[in-house]
Amino acid sequence: MVSRYDPKSKKIHHYPATACLVPICSLHGAAITTVEGVGSIRKRIHPVQERLAKCHGTQCGFCSPGMVMSIYTLLRNHPEPTPDQITEALGGNLCRCTGYRPIVESVKTFSPGSTVCQMKGSGKCCMDPDEGSFVSREEKMCTKLYDEDEFQPLDPSQEPIFPPELIRMAEDPDKRRLTFRGPRTTWFVPVTLEDLLELKASYPKAPLVMGNTSVGPSIKFKGEFHPVFISPLRFPELHLVKNTENEGEQQIPFDGAFLEGSPETNLKPEWVVVSVSIPYTTQWHFVSGLRLAQRQENAVAIVNAGMSVEFEEGTNIIKDLQMFFGSVAPTVVSASQTCKQLIGRQWDDQMLSDACRWVLEEIRIPAAAQGGMVEYRRTLIVSLLFKFYLKVRRWLNKMDPQKFSDIPEKFVSALDDFPIETPQGIQMFQCVDPNQPQQDPVGHPVMHQSAIKHATGEAIFIDDMPPLDQELFLAVVTSTRAHAKITSLDASEALACPGVVDVITAEDVPGDNNHSGEIFYAQDEQALEHNSFLSSEKKIEQGNVEYAFEHVDQVIEGEIHVEGQEHFYMETQSILAIPQAEDKEMVLHLGTQFPTHVQEYVSAALKVPRSRIACYMKRAGGAFGGKVTKPALLGGVAAVAANKTGRPIRFILERSADMLITAGRHPLLGKYKIGFMNNGEIKAADVEYYINGGCTPDESELVIEFIVLKSENAYSIPNFRCRGRACKTNLPSNTAFRGFGFPQATVVVEAYITEVASKCNLLPEEVKEINMYKRTSKTAYKQTFNPEPLRRCWKECLEKSSFYARKQAAEEFNKKNYWKKRGLAVIPMKYSIGMPVAFYNQAAALVHIYLDGSVLLTHGGCELGQGLYTKMIQVASRELNIPQSYVHLSETSTVTVPNAVFTAGSLGTDTNGKAVQNACQILLDRLRPIIRKNPKGKWKEWVAKAFEESISLSATGYFKGYQTNMDWEKEEGDAYPYYVYGAACSEVEVDCLTGAHKVEGAFIQGMGFYTIEELKYSPEGVLHSRGPDDYKIPTVTEIPEELYVSLVHSRNPIAIYSSKGLGEAGMFLGSSVLFAIYDAVAAARRERGLSGTFPMNSPATPEVIRMSCTDQFTDMIPRDDPSTFTPWSIHVS
């Protein structure tokens, strides 16, 4: 938080700051508060930190200090914030774990009246079950995730005061120019306007830096260099908004010539803009600004527009018209010719028709324009013009209702932008049995074991570890070509750069440079043999598919493309490799899901036994599958450098390098042929899946196996065939990602179900109900399961979401609105947990009891934010019957628990929990004779007595794993230990003119995948989207306005304490948003006389939505022949 004193108003202003963008020199005279200054465990934690932690607003914890600072700054300015202020304050922060809801919840506790039931004044609480409802027969449900009575109050009078010395400095009448000189640059801070003009005259090319949001990124990402900076932050004249009639020394009209950057109107280098004068409009003058972006906040516009029209008094005859468009060319573009031609015309439909035609002729976006989306941007030009036309028509009608008719009622909603609402929601879960011992924590919503440390910034991540003596940084050089041979390497220029110690190449790898098909350092001779598949075909089949196709009423065929997704974990790949002085030992600290894998790869690269490679993993700042295999490859790279130089290597990937190198979710192409009866019953399905694996094997074979095995989702189709292949391409290798192929593949399933519904004139939900598994059955690969919990989830979801009532309301809305449409979708899910390979399900743990009674627990699982350590402490607490405070869990390492498998597949708690339970039970068995002799004794006494009797107080626990198997030759097996089930209903409203949409129910990372997250590749395979600038994950403004989650009570006898792996399953439920969008677009298309079925590929970006809502505006845009140009970006599914 940056705090400044304003000598004019005598007030102190607090601002949240993005630290990496704030130049140190700009902070002269400001007071800085960091997360350490807000509160700490050592001194005292602040209410903001406490509530964020206790409201479960932290998971991996990497974004938590930033959240704390945004909330803290908000409360310093507004101690009782309104919902709008909360959303505004959090709008610039990103989080990938929590979905934002618990973070918003924690801030709402500071608002007055925040705990009132929010069912929009209906007087009915959403928690009251309907009469005869499904839920009322269940156990009591709880919604309370934290206890407000525990919170310490916020007392603004206890905050640190603004330093009086800084007030004296700010009020000093004799301020002088400040100059900061560095070895390469000079930073000037002028104090008067004359001083500023003098500096500009002396250094005309020096940039003026106020917020550094433009100059900073250009220096960081484009390599710009400026020897001089001028920062006029110290005189407030340049950042005040005031009503004034004064005119400046020289005025430049803010018109087309200026906005288009024409030389004669451009600012001269020595000029400084001191004010912008915005005149009031006159009575018959109307001005409007319009924009559309991929995301509501922190996103550059896809197209924006500013338009102004002035009429002859009392008429609708155009006297003056101006139209400017942004993001359609390198500078702002004025449609001046069109405007000239329209002067003197009446503001009517014929004028609009000519204006659209002429503006498209005047503003031509080249087919290969940077940023792509060319046809969409052309459509937006005329769509925004149409919105302006409607706004002006409305306004004319208000001016004189007799003279000017209003716009049709069905068009009115087109004028409103979607409001940014503060999200709200409820989570319902089974209450803990009142008879459960008070000390037993299992089943309670326990705060994350590191939550307070996350919120105070005291949780240590890899890059927080202090620098080691002689430590070096490693930066990677990546190929600029997707498919090429290295003909020669010349490192001389790099070695001549100041600070460069060495350049590491393939020749420096002492061991294996190509381990299991993954290459550490590029080599010229490794041109791999051409084979377009990474693995053999995987197939399952049941029934007689060909025969069934001949005996159905209808057959449909189609294909669906699902694009990839970037993990966008908050902490990029981070490794600290420390070579040891003896025996070629190497220590690595890293954020990973699979320390054993890192150990294996480093051992192979260095040609050293695994026993000499120690990998330590305390926590990762998010992972989502992206830290299963990739840290092994990068760990090998770092270890080779540490081995060659003999010095510690810190290897922290920049976001752009991380996105480029580590790739993400597999893009998928699904082809289907479906045979069904007219009543909606599906008799036959033949489905083929192809995934884009990239250039090396990675996990692609396992992903395609998962896709094929999970390809039925919740539906029983008697004649079913599914085949899958992983394709090899010249792109970076795709890898594991939450859901492991299921979120992509099942879009295809839901798409063909939706198409069948359309052909049968039924609701998709009716076709789902008809074809859903109904009784204990066998899957297509002959595994028996009971779908009863699936049916319960489905029924409860329809009931709690009031689906049919909402559907009816949406249809009413759609009848009354032409340019906005609402859609609903309910998606069922049958999701398998675990691995079809038995040895991947094993786990081990090590538990030590010390003589003071404290317990140290380690296991092979990795803490990624999912709370695994917290849950393991709960297990030990219950099994040993001791308070949680007695149990400590420090980190995971290959030294304490060897050969541990990955923490992935939602299995971490299940398997490691069983291992911890086993170790605790072994220890308790050893202590039993002592407890029997002294049943009233204390834990500490029993432990001391055991030591005296030479009883070992340390035990290894082991879980052999779920005994799963899959025989691909026979196409059958007990592939998964158990299934989890779910259902989600989403309601969406879309703007048919722009493609913008508003959601009312989804799971956030999945929702991002299916809607706004879009990876863009050049036709040559270069990734364009390499950072938050051009890859948009959901922010707090994208999340559903209302989100209700309930956990249905069911038993799981084979897992520890009836555990259910839910980490990944929720990802796919976000597709309910995709299909709700599909439903809304289908409504728009039907009204326009178009076919209801159309390929709704994923992601359904604003571009896809807009271009699917075909209308007169999409029909009028110019289209280019694809053979005549190379597009800026292509799809890779």
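Where does M373 lie, and between which helices? I looked, and M373 sits in the loop between α11 (349–362) and α12 (374–399). Helices (H or I, at least four residues) and strands (E, at least two) are DSSP runs, numbered from the N terminus.

**Ground rules.** I am working with a predicted model, where local features need pLDDT of at least 70, side-chain atom pairs count only at pLDDT 80 or more, and totals for chains, interfaces and linings use all residues. Residues are numbered from 1 along each chain as its sequence is written, and side-chain values use heavy atoms, leaving out hydrogens and water.

**Two positive phi values.** I checked M373 again: its phi is near 50°, a positive value in a residue other than glycine. M373 is buried, with a relative accessible area of 17%. Here buried means under 20% relative accessible area, exposed over 50%, and partly exposed in between (1.4 Å probe, protein chains only). K782 also has a positive phi, near 70°. I found K782 in the loop between β25 (777–778) and β26 (784–785), and K782 is partly exposed at 37%.

**A cis bond.** I noted that the peptide bond from S1098 to P1099 is cis, with omega near 5°. P1099 belongs to the loop between α29 and α30 (1102–1108).

**A covered helix.** How many residues of α27 (residues 1004–1011) are buried? I counted eight of its eight, among them M1007, F1009 and Y1010. Their cover includes β17 (554–562), α20 (742–760) and α29 (1071–1087); contact means heavy atoms within 4.5 Å.

**The whole chain.** I listed 31 helices and 35 strands. The radius of gyration (over C-alpha atoms) is 32 Å, close to the 32 Å from the globule rule for 1133 residues, so the chain is as compact as a globular protein of that length; the rule is 2.2 Å times the number of residues to the power 0.38. Of the 1133 residues, 54% count as buried.

**Cavities.** My search of the whole structure turned up seven cavities of 30 Å³ or more. A cavity is a set of points on a 1 Å grid over the protein atoms alone where a 1.4 Å probe fits but cannot get out, and lining residues have an atom within 4 Å of a point. Points are joined across faces, edges and corners, and a volume is the space filled by probe spheres set on them. The largest cavity holds about 90 Å³. Its lining has 15 residues, with Q842, V901, F902, T911 and N912 nearest the centre. I saw that α25 gives the most to this lining, with three residues.

How values were computed: 1 Å grid on protein atoms, 1.4 Å probe; cavity = no way out; pocket = protein on both sides within 12 Å on 5 of 7 lines; lining within 4 Å.
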